[in-house]
Amino acid sequence: MITLGIETSCDETSCAFLEDGNKVLSNVISSSLERHAPYGGIVPEIASRHALENIRAVFHEAMRKAGVSVSEIQLVCVTQGPGLIGSLLVGISFAKAFAYSRKLDLIGVNHLEAHLEANLLEAGEINGPYLGLIVSGGHTALVLYQNGTFTPLGHTVDDAVGEAYDKVAKLMGLSYPGGPVIDSLAQQGNPLRYRFTKPKLDQELDFSFSGIKTAVLHLLEKEGGAIKNQPADLAASFQHAAVDWLIEGVKNASRRTGIKRVFVGGGVSANSLLRMRLKSLSEEHGISVMIPKLEFTTDNAAMIAKSGYEKYRKGIRSGLEISANPNLKIGGVF
Ligand code: KG4
Ligand code: ZN
């Protein structure tokens, strides 16, 4: 069975083909990131225009790479949200028109669930529950997947961790997106040079990342000269704290639920320190952690095809009346 996945929730336009729900035949991603960089963040109008101008070419390229023809496609899966309304509408409209014209089943997919289910591309079928850590530019959350449903355990009360990376990079005069830049700068820095206090929160499994951004701002005001000479120390110290808080969240969620399997998803899971610390969780605490391959870590349509295919297997179908939902929640909360 050939499944088409379509992802246009933010600045990427992506189409993928999946064979029998597990073999990725192609996963073509066209990013508009370069066009946003001068503005220091995503400009929704540029993102949706890019999706509109590129979706047909991306679809044809994905078909060519997969070696499939239009008549072989049997299922259409598309990101319904959360994301930018203009970008989402491009993918949804394309998917609906395609499914309607070919009389195919259509599945609307939650982008955040798909980030976690990207792990199933490698793990295959799994039995039993897992914890999910979502770390992206717009979301930071811990969820529990059990008996076919996602239940929220905790989430950021203010900024997402990726947002904090981007904002701290901006304060330091670094380029956008800040995550990869800080990650590589941090390699040469001393992570213990500056200390950041973990914010006190009412809920143990919640996160907060806006205070650390303000702390960085104050540091830059006070010690701007020293930091200019040695920016790597600040990058390393910020990264050390942010990753520490995420790891603590995972450990606490595992202790509370007794679940020792964790799926990680979202752009920040590309982070080298986070990947290293998550891996060592299994050695130190017997927690097995899965992180998607880099190709399936940032926004991509293969994860959408996979998530949609899993819904299809459970008998779930979306009607042609579905529309983009920029605020689509996972587990009814985030
Ligand atoms: O999931 P994603 O591709 O897009 C959404 O937000 O949905 O995540 C993008 C975020 C950005 O904030 C970017 O700075 C961050 O992921 N990011 C990283 C790294 N690579 C991307 N953050 C930390 N370290 C990285 N290596
Ligand atoms: Zn994403």
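## Location of ligand 1

In this predicted model, ligand 1 lies between domain 1 (2–118 + 296–313) and domain 2 (128–291), because both domains give residues to the shell around it; the domain bounds come from an automatic or database domain assignment.

The space that ligand 1 takes is the largest pocket. A pocket is an open set of points, on a 1 Å grid over the protein atoms alone, where a 1.4 Å probe fits, with protein on both sides within 12 Å along at least five of seven lines.

## Composition of the shell

Ligand 1 is surrounded by 19 residues (each with a heavy atom within 4 Å of it), and the closest are Gly137, Asp166, Asp183, Gly267 and Asn271. The shell comprises five nonpolar, eleven polar and three charged residues, with Gly counted as polar and Asp, Glu, Lys and Arg as charged.

At least two shell residues come from each of α4 (111–117), α6 (161–171) and α7 (178–186); helices are DSSP runs (H or I) of at least four residues, numbered from the N terminus. The most are given by α7, with four residues.

## Polar contacts and burial

Polar contacts are pairs of N or O atoms within 3.5 Å. Oxygen atoms of ligand 1 lie 2.8 Å from a polar backbone atom of Gly137, 2.8 Å from one of Gly267 and 3.5 Å from one of Gly138. Taken alone, ligand 1 exposes 550 Å², of which the protein buries 86% (Shrake-Rupley method, 1.4 Å probe).

## Conventions

Residues are numbered from 1 along each chain as its sequence is written, while chains are lettered from A and ligands numbered from 1 in the order in which they are written. Local features need pLDDT of at least 70, side-chain atom pairs count only at pLDDT 80 or more, and totals for chains, interfaces and linings use all residues, with side-chain values based on heavy atoms and with hydrogens and water left out.

How values were computed: A polar contact is a pair of N or O atoms within 3.5 Å; within protein, one must be able to donate a hydrogen and the other to accept it, and residues adjacent in sequence count only if both atoms are side-chain atoms. On a 1 Å grid over the protein atoms alone, a cavity is a set of points where a 1.4 Å probe fits but cannot get out, and a pocket is an open set with protein on both sides within 12 Å along at least five of seven lines; lining residues have an atom within 4 Å of a point. A molecule sits in a cavity or pocket if more than half of its atoms lie within 2 Å of its grid points.
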